[in-house]
Amino acid sequence: MTADRLLRVGVVCPYSFDHPGGVQFHARDLAEALMADGHEVSVLAPAGDGTAVPDYVVPAGKALAVHYNGSVARLAFGPVTAARVRKWLAGGQFDVLHLHEPAVPSLAMLALWIAEGPVVATFHSSLVRSRSLQIAYPFVRQSLEKITARVAVSEDARRTLVDHLGGDAVVIANGVYVDRFAAAVPDPAWTGTPGRPTVAFLGRLDEPRKGLGVLLAAVAIVQLTIPGIRVLVAGSGDTGADQVAEAGPQVAAAVELLGAVSDEAKARLLASADVYCAPQTGGESFGIVLVEAMATDTCVVASDLGAFRRVLDDGTAGVLFRNGDPVDLAATLVKVLTEPGVAEAARARAAQVVRRYDWSTVATQLLAVYEMAVAGRDAPVGEDPSVLRLLRRDRGEAR
């Protein structure tokens with residue numbers, strides 16, 4: 001990464017570190033990538049008193065669970081939280097403030113109301129229609145004008161932003177430490193053997209959109225051809241055991257529920273599996289675990305959501321199946337597990353594609369946006385020719 005000067009960067013994550021997910025990991029990894037390059041970074045995020053967080057994360061108190069985007073988001077809001085945000089901003093004296101999901105009623109929205117100076121906002125959500133964003137828009141409309149530069153993690157997230165909040169954004173993908181995942185050592189307990197291949201699934205088990213039910217229905221069909229298939233299911237949630245039991249005793253015998261796993265265990269699991277399966281049915285704006293699986297040289301089988309199709313380079317860096325169709329998923333898994341050339345071709349392409357998502361690339365792109373925001377603090381970024389060129393380059397348009 002390069003920068004004209006070292007920056008003091010304040011990063012605001014709206015979701016609680018008590019139950020980490022993609023946005024929290026993005027904020028954490030971005031902070032570490034920037035600090036490795038010499039920048040000073042502080043992350044403000046909800047977190048309970050007993051939650052272990054890195055030294056650079058400032059806990060903003062306990063969060064409340066709210067249903068949002070087909071998931072359960074843990075958010076912090078209210079006058080006490082606002083006072084903590086104000087104190088953090090005053091003490092940080094940041095050159096640039098980087099807010100994640102500022103339209104979500106949590107810390108980032110509060111920070112946007114209070115902030116002065118250059119503000120970069122990243123939008124993660126991908127929704128065809130969102131009542132939450134429609135309700136939030138009147139409360140954030142005026143504040144959105146304070147944003148100096150907008151970033152979306154995918155074309156799907158950019159479209160959600162344009163449709164619900166107006167304006168535009170440069171697309172900069174989520175990042176992954178590719179080499180860390182590439183160095184993961186397979187665990188013999190999770191490694192497939194002849195006749196007993198392993199398929200890994202990671203996701204919150206109590207969210208239907210993560211597609212565990214689709215995978216379990218497909219396994220019953222796959223067992224007709226590959227009776228020894230093993231399915232390794234990792235993730236939090238109280239409904240996993242019930243879903244497996246409902247799938248029947250034969251499927252249940254093939255499934256191993258691993259519960260929530262650490263970052264290190266996740267990398268080992270991905271490196272061990274013959275296939276990583278992403279059967280999500282909707283609400284996905286990117287697909288960070290697909291990139292992590294590609295980095296471990298594991299073949300990815302994923303539903304043909306737009307976000308997944310783009311991450312997998314239109315299906316050349318993985319194998320796609322029809323969204324929500326367990327029969328097609330079963331046929332795809334059988335093909336990948338029994339025809340070595342299919343998985344080999346996908347892995348070879350993935351090895352090339354995955355580098356575009358490495359933090360060395362992603363952080364450099366974000367630093368360029370930071371520097372544009374700092375340099376153009378007195379002019380809207382949408383009118384800055386350098387940002388327009390970045391937008392056009394990102395979409396493959398002519399310069």
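Author: A residue counts as buried under 20% relative accessible area, exposed over 50%, and partly exposed in between. Keep that handy, since this is a predicted model and we'll be sorting a few of its residues.

Reader: Okay, I221 then. Why is I221 called partly exposed?

Author: Its relative accessible area is 34%. You'll find I221 in helix α7, residues 212-222.

Reader: What makes I221, L224 and V327 a patch?

Author: Nonpolar side chains are joined into a patch within 5 Å, provided each residue has over 30% relative accessible area and no salt bridge. Together the three give about 300 Å² of accessible area on the surface.

Reader: And T81, how do you know whether it is buried or exposed?

Author: Buried means under 20%. T81 has 6%, so T81 is buried. This residue lies in helix α2, residues 79-92, and touches A76, L107 and L110, leaving aside residues up to four places away in sequence.

Reader: What about the cysteines C13 and C277?

Author: C13 has a relative accessible area of 0%, so it's buried. C277 is buried too, with 0%. A disulfide needs two cysteine sulfur atoms within 2.5 Å, and the count by that rule is 0.

Reader: How do you know how confident the predictor is?

Author: The mean pLDDT is 89, and 88% of residues reach 70 or more. Over residues 378-386, though, pLDDT is below 50. It also stays under 50 over residues 394-399.

Note on methods. Residues numbered from 1 in each chain as written. Predicted model: local features only at pLDDT ≥ 70, side-chain atom pairs only at ≥ 80, totals over all residues. Heavy atoms only, no water. Patch = residues over 30% accessible without salt bridge, like charges linked within 9 Å, V, L, I, M, F, W, Y side chains within 5 Å. Areas by Shrake-Rupley, 256 points an atom, 1.4 Å probe, with all protein chains shown as cover. Salt bridge = Lys/Arg side-chain N within 4 Å of Asp/Glu carboxyl O. Helix = DSSP H or I, 4+ residues; strand = E, 2+ residues; numbered from the N terminus. Buried < 20%, exposed > 50% of the residue type's maximum accessible area, 1.4 Å probe, protein only. pLDDT = per-residue confidence, 0-100. Contact = heavy atoms within 4.5 Å.
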